[in-house]
Amino acid sequence: MEIKNVRKSYGNKEILHGVNLSVEEGSIHGLVGRNGCGKTTLMKCMTGIYKQEEGEILIGGQPVYENPEVKAQVGYVADSNQYFDHYRIDEMVEFYRQMYQSFDQQAFFDYNQCVGLEFSKRIRELSKGQSMALASMLNLSIHPKIIIMDEPLSGLDVIVQKQVKDFIINEVEMKGMSVLISSHDLKDLESFCDSISMMKKGKIIHEGTIDDVKSDFAKIQVVFSNGLPNGLSEIPGLVTYSNLGSIYTMILTGYSNVIEKTLKEMGASFVEEIPMTLEEIFIYSNQ
Amino acid sequence: MKKIFRKYGILLPAAAIFWGIYISNLPIPDFTEINISYFITDKMLYGWRILWILYLIAAAGITYHLQNQKKWEYIYSFPMTKKQIYRQSFLGLYISMIVSAVIYGIFFYVQGMRIFTKAQQSSSVIELLASTFVNIAILFVWCAFTQLCMMILQYVWQGVVVSMILVFFGIPCIVSNFGYLIENVGHFKSREIFGHIFYGMDKGISLVPYLSNLCSNNYRQESAFQHLWTTHFTGIAFIISAFLLVLAFLVFFVAQKQFYRLDLSGNVLISRMKGKWNQIIPSLLAGIFAFHWITNAQMIGWNFQKGDRLIFFAMMFLRKRSVGVAMMPAWKICMTFILSMAVMWGIVWILRMIRRKINEGAS
């Protein structure tokens, strides 16, 4: 999937300001960003629900919008219960069977053996977690080329979360499916995704593998035995710092040996880079 | 998709049967008691109106789900084009509308025949058939305009309000004026066909144009002209039916086209139209309505020697009385038209400016 310079507005308000993104075949790509940054709008453009004003969204080189052939290869799990309330689960399965030629009923039954939903239940009788699990199972059962999942794990209990993740990984391994998944649980994404994109105010600010994104930031611990030196705030790329006694923790972008040397010249007796979590990168990126 | 909106399809045929049985059981009055005959013909016409109101409700329900409910947006991710989604969603309603029109048409025709038989009229089967066809055709036109309002305005409540204004005030006003124009040109009472038949105006003489003996037109009182008027009425009724049906399909087609172009996230009519069309289209539409409304009101004033007083504007609106533009002098028609357009242009300009200011304030 390739997204090239996509712009999208609601009325006069531009939500997406020239988004570029690509998802490799057979990979799991995470999309993170604060509430209201445009993740869901981007996903709706990707699934052909909205039409972008500018730019291109291509799957296998074909545009998605108003293209049933391409849309048949795209699964979409919305951020909340997306199905018709009055439908029973078996009716929903039948609906998907009619809608998608590639729908694999047996695969759905296999998935459901783990989750254990009753087919006679109506959608409105399901809990939030159950309806999200149902959406994931139905969309995985069409064996899509790419599945777009908008916070699919929210509301799921730990066991079902693990089951759904296993289903996704299985589909990626067996069928080479690509996944674009958004979530606010960054620890989870860190362990689950091959690559990641970070959105801020309708733009992608970081994109790449988790390690690539992490390499953009550095967290270092510095000991200034003689107190805080003058000019620390002028160090290039300094995002923020805090201290506990003489130990200073600094967050920097573009950390290099030159900065380490500068710090030592300022009187640092000890400089050490320590690993950062995705959550920390997310927080500092949005500062 | 068809199954999702299945429940909406049940409404109309059920109402057609219910109201058909109701009118069939109405006692047929003695035609010397003219008020009772008005009463019964009005009741027969209400059937068409009920069908339209139910169509409006059903169309609003479906449109709400297809366009206004965020939760349902995901259906556009299914492997179908908007056109296919739209067609499949509305197909059941379209079929039920046609079926209910046919069902009610049969009841309407049968009851009409009973009335004619009791009144010992010499009207032919063809005349009554023509009357039924015109009513079916106008139902389709109403539904088509309703569909257009729903599709273009997108916000359901706006669609409901505009279609009600169109059906109860706009269309009768224009149709009536059009009828007068033909009447003046063609020298026969076309207004009875255009103006009275659909709305039961003047207390329900809607069937009268097809009962040439009952018609008050002097020409038709003379037996020598009887066959001539019968032919005229029947012929023009079929032509009107055909014209209205073509109009209805055209409007449905425009509504569909408009719908395919819509982006679900751009929910405001004015922001969807670009540049100068934002100003031109609303001004033109509002201007046409204003022109017809003003000319009708002026003619009432002129007819009743009351002058162009404001009260007649309100009266016209409330009573749906219209007397037509064709009797006005040409210069006055032109001036009224230009004035209507100019005023509406100004109003639209002010509304757009207010809207722009609000948007700027919000952003």
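The model is predicted. Chain B comprises 13 helices and zero strands, whereas chain A contains open antiparallel sheets, one with the order β2-β1-β4-β5 and one with the order β12-β13-β11-β14. An aromatic cluster draws its members from both chains, including A:Tyr100 and B:Phe78.

**Sheet β2-β1-β4-β5 of chain A**

- Four strands of chain A form an open sheet in the order β2-β1-β4-β5, with antiparallel pairing.
- The edge positions are held by β2 (13–22) and β5 (62–63) of chain A; each has a single partner strand, so one side of each has no neighbour in the sheet.
- Strands β1 (residues 2–10) and β4 (residues 54–59) of chain A run antiparallel and are joined by four bridges.
- A:Ile3 has A:Ile57 of β4(A) as its bridge partner.
- Helix α1 (residues 39–46) of chain A lies across β1, β2 and β4 of that chain, and its direction makes an angle of about 65° with β2(A).

**Sheet β12-β13-β11-β14 of chain A**

- Another open sheet of four strands in chain A has the order β12-β13-β11-β14, again with antiparallel pairing.
- Its edges are β12 (238–244) and β14 (268–274) of chain A, each with a single partner strand, so one side of each is left without a neighbour in the sheet.
- On average, neighbouring strands in this sheet are turned by 20° against each other, direction ignored.
- Seven bridges pair strand β11 (residues 217–224) with strand β13 (residues 247–253) of chain A in the antiparallel sense.
- Opposite A:Lys219 stands A:Ile251 in β13(A).
- Helix α9 (residues 257–265) of chain A lies across β11, β13 and β14 of chain A and runs at about 150° to β14(A).
- Helix α10 (residues 278–285) of chain A lies across β11, β12 and β13 of chain A and runs at about 90° to β11(A).

**Aromatic contacts**

- A pair of aromatic rings is described by the distance of the centres and the angle of the planes.
- The model has 19 aromatic pairs over all chains.
- A:Tyr100 lies in the loop between α3 (89–99) and α4 (105–115) of chain A, while B:Phe78 lies in the loop between α2 (34–68) and α3 (82–118) of chain B, so the pair joins two chains.
- Both A:Tyr100 and B:Phe78 are buried.
- A single aromatic cluster is formed by A:Tyr87, A:Phe95, A:Tyr96, A:Tyr100, A:Phe103, B:Tyr74 and B:Phe78.
- The charged end of A:Lys165 sits over the ring of A:Phe192, at 5.9 Å from the ring centre.

**Nonpolar cores**

- The largest nonpolar core has 148 residues, of which A:Met92, A:Tyr96 and A:Ile168 touch the most other members.
- The greatest contribution to this core comes from helix α4 (residues 125–153) of chain B, with 15 residues.
- Beyond its neighbours within four places in sequence, A:Met92 is in contact with A:Tyr83, A:Phe84, A:Tyr87, A:Ile123, A:Leu138 and B:Tyr74.

**Chain B as a whole**

- Of the 363 residues of chain B, 53% count as buried.
- Among contacts in chain B between residues at least 6 apart in sequence, 78% join residues at least 24 apart.

**Backbone features in chain A**

- Most residues other than glycine have a negative phi.
- A:Asn5 is not a glycine, yet has a positive phi of about 50°.
- A:Asn5 is found in strand β1 of chain A and is partly exposed, with a relative accessible area of 36%.
- A:Glu66, also not a glycine, has a positive phi of about 55°.
- A:Glu66 is placed in the loop between β5 and α2 (68–71) of chain A and counts as partly exposed, at 28% relative accessibility.

Conventions: Residues numbered from 1 in each chain as written. Chains lettered and ligands numbered in written order. Predicted model: local features only at pLDDT ≥ 70, side-chain atom pairs only at ≥ 80, totals over all residues. Heavy atoms only, no water. Phe/Tyr/Trp six-rings, centres within 6.5 Å; stacked < 30°, edge-to-face > 60°. Buried < 20%, exposed > 50% of the residue type's maximum accessible area, 1.4 Å probe, protein only. Lys NZ or Arg CZ within 6 Å of the ring centre and 35° of its normal. Pairing = 2+ DSSP bridges. Contact = heavy atoms within 4.5 Å. Axes fitted to C-alpha atoms, helices over the stretch in contact; angles between N-to-C directions. Core = buried A, V, L, I, M, F, W, Y, C linked by side-chain atoms within 4.5 Å.
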